[in-house]
Amino acid sequence: MKLSFTKAQEAFRTEIADWLDRQLTGPYSDVRGITSQTEAAQRRIQWEQELGRAGWSAIGWPEEFGGREADLAEQVIFAEEYARAKAPGRLGHMGVELAGPTILAFGSDAQKQRFLPSISRGEEMWCQGYSEPNAGSDLANVNTKARLEQGPMGKQWVIEGQKIWTSLAQFADWCFVICRTEQGSQGRHGLSYLLVPMDQPGIDIRPIRQMTGESDFNEVFFDKAVTAADNIVGQAGAGWQVAMGTLSFERGVSTLAQQMHFRNELATIISMANANGQSSDPIIRQRIAKAWRGLQAMRASALRMLSQTDDGMLTGPQFTYKIFWASWHRQLGELAMDVMGQEGELTGGDYELSDMTRLFLFSRADTIYAGTNQIQRNLIAERALGLPKEPRG
Amino acid sequence: MQFEFTEEQTMIRQMVSDFARDHASSQQVRQAMASESGFDPDSWQVLSQNLGIAGLLVPDDLGGQGLGLIEMALVFEQLGQYLLPSPLLQTGVIGPTLLLNLQDKALQQHWLPQLASGQLTVSVARLVDGIADYVIGGHSADVLILCSDDINNELYIIDTADRKCQGTIRVTRQDMMDQTRAAGRIEVLNQKGMDEYRVADGTSAKNALQRAEQFGHIAVAAEAVGSAQSCLDKTVQYVKDRRQFGRAIGSFQAVKHQLADMMVHIEAARSAVYFSACSVAEQPLQLPEMASLARVQASEALSLCAAEMIQLHGGIGFTWEHDAHLYFKRARSTATLLATNSALDEVIAEQLGLCSEGVS
Ligand SMILES: Cc1cc2nc3c(=O)[nH]c(=O)nc-3n(C[C@H](O)[C@H](O)[C@H](O)COP(=O)(O)OP(=O)(O)OC[C@H]3O[C@@H](n4cnc5c(N)ncnc54)[C@H](O)[C@@H]3O)c2cc1C
């Protein structure tokens, strides 16, 4: 075990820090520090492209697809510097962290050539079409259907149905959609993983306003939406395995960037507490210390998780990481409000939220998306501890 | 940066796990805790001498193995699974760390080889107004290292086999709720008599003691992770076997979720412990907060797991015969050993720069 970095790695750190600094104090100073998912979206797409041009967008990827083949240590360094520079939240993350790795792992060569470079260059944004009104935690219950038909340009999938809670669909060029391609199939069988262009008449996107007042997510209606027959990842009918593969990438290195963002949030809370005197309250001191401990434990867990050799077996921290960070972050939001006092309850005239108030509200979602806390506990109990499975209705 | 164990580390872990399997059954643990010294000299001999664990942190040229806290943490994690009482915390971690930090070659050459070989046991204690209470192994240690609480931070080393010291200090056993950690009271009867035992004072003595205790926190934390894991493993087995309402109680979601939460706490604590053990060598300035991190995280995990172990076992879990109470009591002594959890969190709060006096 070793925590320190080599000289070459430190040089890499300086290189990325310098670059970020130049951009974020220069041409991109307007997007620095943005934490809202939707704010200044068009500028943040330009930022994605700037990252892409400089080769910083998908650094872990193979070079031929626009990456740098960065190893774990370099990815840690990148994540640290990205957060330290207060670079904005990544609008391209669903392409870079989910769609890209899925195509890399399960896609055909032609799909890799077609999709990966445009993701790493920040030219195409992605969204995730999993959840439906009747398929939330029980994802295998999806009911959106697709069938192969002859179209004007050859065979194509024709899609009917509805997705919901689709984050950032309003900015996306593509959506990865799980849908039923075998008529009459049920559960995990008969599903396929399709890549669907968003800009077409068969797709209707309707924003949903969430409790923060903002609309990060949407309903997406598919009414004879189409995509080329080739735009299927994996075999027809075997989409469940691919979909689960995508979910496993949520445990990837992006967690490190997220942690660095958490560290910034905790630092903000500490300076607020020092400024308003809450820092002398013994209970607040203990809670801040506890939050710091959680953050360190998370960091160490992420490093344990990512250093593990990939033999397909999930181990301790891989099972427990999601529920730990989500619950921790929700508590951090509560701590922020307690430190701010009533001032934290103030909003702008258009319900604009301060970063810390948004943290408090938005973190309620952390324990819902990407597997609710209850679903995580089921998973841990059944898959890690070998306890009996929940009965199905 | 790399976060995996070396082959040597994995080997040490396996070796200690084999040892514990042979020497730390529930019956052996209970026999040891009922004894006057509070530990079994035979198994201690195997651990310290045959396996060389007492000298793990002691440099080679002083008769030890010259390894670090990561290896020691792995040892404690294994031992913690079984609750076997042993003098290892004091004799293998706190005592040697203190001596190594004193920078007094003669002292080190005199004492460390004897500690490393397991020939002698040691207990380190802080005196408050001439009394040290609840000192782990204090009643049975061959050597006492005592630190005064006056402004000079005097440090004394007393060989208890030397009858001469009997008029100067008195040592008595204290019976504790956690019987796996036998402890004693040390009283100074004659302050003048202490002078001949003085070996150091001032900030060097103070720093050496602090460092030794911080190493101790990390070892105790590793041990607590092992104990918590045992609580989880034993409880998972039980809920798979025990049936009520025509099904295994482990099929009830309320039970499953409780066990899942236990695992979440354990994994976070394990990560924290490895991380802090690792940081000792590489980021020594952060030792105070890293030691707090490990100890509090692990102590909280063990408290949760031991309490739930009792709950999920029902009536059986409340009996003397079942081991659940041993873990529950161990959790309590872990939460107060060397410092309370809230005092350790306060160390973190200070390191984080939280002003303690009003608006800054
Ligand atoms: C901010 C946000 C962004 C999102 N973005 C996306 C996106 O981009 N793409 C996408 O596809 N989806 C997205 N989602 C959807 C998310 O994945 C689902 O909300 C989630 O899977 C839960 O499904 P549900 O909302 O239908 O709740 P339900 O599944 O109906 O759950 C309701 C409650 O019942 C509990 N519950 C359900 N089943 C069980 C069980 N077996 N045992 C115990 N308790 C159970 C749940 O834990 C929860 O507390 C997003 C959600 C949010 C909040």
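By class, how many nonpolar, polar and charged residues does the shell around the ligand have?

A: In this predicted model, local features need a pLDDT of at least 70 and side-chain atom pairs count only at pLDDT 80 or more, while totals for chains, interfaces and linings use all residues. Residues are numbered from 1 along each chain as its sequence is written, chains are lettered from A and ligands numbered from 1 in the order in which they are written, and side-chain values use heavy atoms, with hydrogens and water left out.

The shell around the ligand has eight nonpolar residues, 10 polar residues and no charged ones; here Ala, Val, Leu, Ile, Met, Phe, Trp, Tyr, Cys and Pro count as nonpolar, Asp, Glu, Lys and Arg as charged, and the others, Gly among them, as polar. In total, 18 residues surround the ligand (a residue is near a molecule if one of its heavy atoms lies within 4 Å of it), and the closest are S131(A), S137(A), W165(A), T372(A) and Q374(A). The ligand lies between chains A and B.

For S167(A), an N or O atom of the side chain is 2.8 Å from a nitrogen atom of the ligand. On its own the ligand has 970 Å² of accessible area, of which the protein covers 68% (areas come from the Shrake-Rupley method with a 1.4 Å probe). In chain A, β3 (154-167), α10 (355-366) and α11 (373-384) each give two or more residues to this shell, where helices (H or I, at least four residues) and strands (E, at least two) are DSSP runs numbered from the N terminus. Domain 2 (126-238) and domain 3 (251-384) of chain A each contribute at least three residues to the shell, with domain bounds taken from an automatic or database assignment.

A cavity is a set of points, on a 1 Å grid over the protein atoms alone, where a 1.4 Å probe fits but cannot get out, and its lining residues have an atom within 4 Å of a point. The count is two cavities of 30 Å³ or more, where a volume is the space filled by probe spheres set on the points.

The largest cavity holds about 320 Å³ of space and is lined by 28 residues, with P85(B), S86(B), P87(B), L88(B) and I136(B) nearest its centre. Of the elements, α5(B) gives the most to this lining, with four residues. By class, this lining has 13 nonpolar, 12 polar and three charged residues.

The second largest cavity has a volume of about 50 Å³, and its lining includes Y321(A) and F324(A) from chain A as well as V264(B) and E267(B) from chain B. Two or more lining residues come from each of α8 (282-307) and α9 (316-340) of chain A and α9 (253-282) of chain B, and α9(A) gives the most, with four residues. This lining divides into six nonpolar, two polar and one charged residue.

Technical notes:
A polar contact is a pair of N or O atoms within 3.5 Å; within protein, one must be able to donate a hydrogen and the other to accept it, and residues adjacent in sequence count only if both atoms are side-chain atoms. On a 1 Å grid over the protein atoms alone, a cavity is a set of points where a 1.4 Å probe fits but cannot get out, and a pocket is an open set with protein on both sides within 12 Å along at least five of seven lines; lining residues have an atom within 4 Å of a point.
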